[in-house]
Amino acid sequence: SLENGYGMIKSKEALETAKALVESWGGRLVVVMIPTREEVYSEITEPVMGLENLVTLAGPRAVMESYCGDLNIACLDPTLDLAVVGKTTALYYADDMHLNAAGNAALVDILIPWLQTLKDGE
């Protein structure tokens, strides 16, 4: 739709502005995407929701990855890593779409080595 197209343009512009601002402070902007619980637990949700609906949920992450590539911004998509941890641990609240304490801890365990790799690569 026209509104989505406009929103996508503005989102990319905002990301580009944020990158420039962070760099003006001597920093480096990185993006960490948070997948939906339906994506992390796709082995359970796909048979109920269908693959098409899961692909729709992944759409915004794909767009953001594209923006990050276009703007040369490091981008972490922890979906697959969270899915591995999620095989043995509940990572999201049962009645809420947000990561619970275990989910946040798992994300930190994924994020810190990724950030270290970025730092070592500079």
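Welcome! Select helix α5 (residues 79-86) and helix α6 (residues 101-120): their axes come within 10 Å and cross at roughly 130°. Here an axis is a line fitted to C-alpha atoms, for helices over the stretch in contact, with angles running from 0 to 180 degrees between N-to-C directions. α5 and α6 are therefore oblique to each other (under 35 degrees is roughly parallel, over 145 roughly antiparallel, 65 to 115 roughly perpendicular and the rest oblique).

This is a predicted model, where local features need pLDDT of at least 70 and side-chain atom pairs count only at pLDDT 80 or more, while totals for chains, interfaces and linings use all residues. Residues are numbered from 1 along each chain as its sequence is written, and side-chain values use heavy atoms, leaving out hydrogens and water.

Next, show the side of α5 with D81, L82 and V85, which meet G103, A106, L107 and I110 in α6 (contact means heavy atoms within 4.5 Å). By class, this contact has five nonpolar, one polar and one charged residues.

Now select the whole protein chain. Colour it by element to find six helices and two strands, in the order α-β-α-α-α-β-α-α from the N terminus on. Helices (H or I, at least four residues) and strands (E, at least two) are DSSP runs.

Zoom out: the C-alpha atoms fill a box of roughly 45 × 40 × 25 Å, taken along the principal axes. Of the 122 residues, 27% are buried, that is, under 20% relative accessible area with a 1.4 Å probe. Finally, among contacts with a separation of 6 or more, 65% are between residues 24 or more positions apart.

Conventions
Nonpolar A, V, L, I, M, F, W, Y, C, P; charged D, E, K, R; others polar. Buried < 20%, exposed > 50% of the residue type's maximum accessible area, 1.4 Å probe, protein only.
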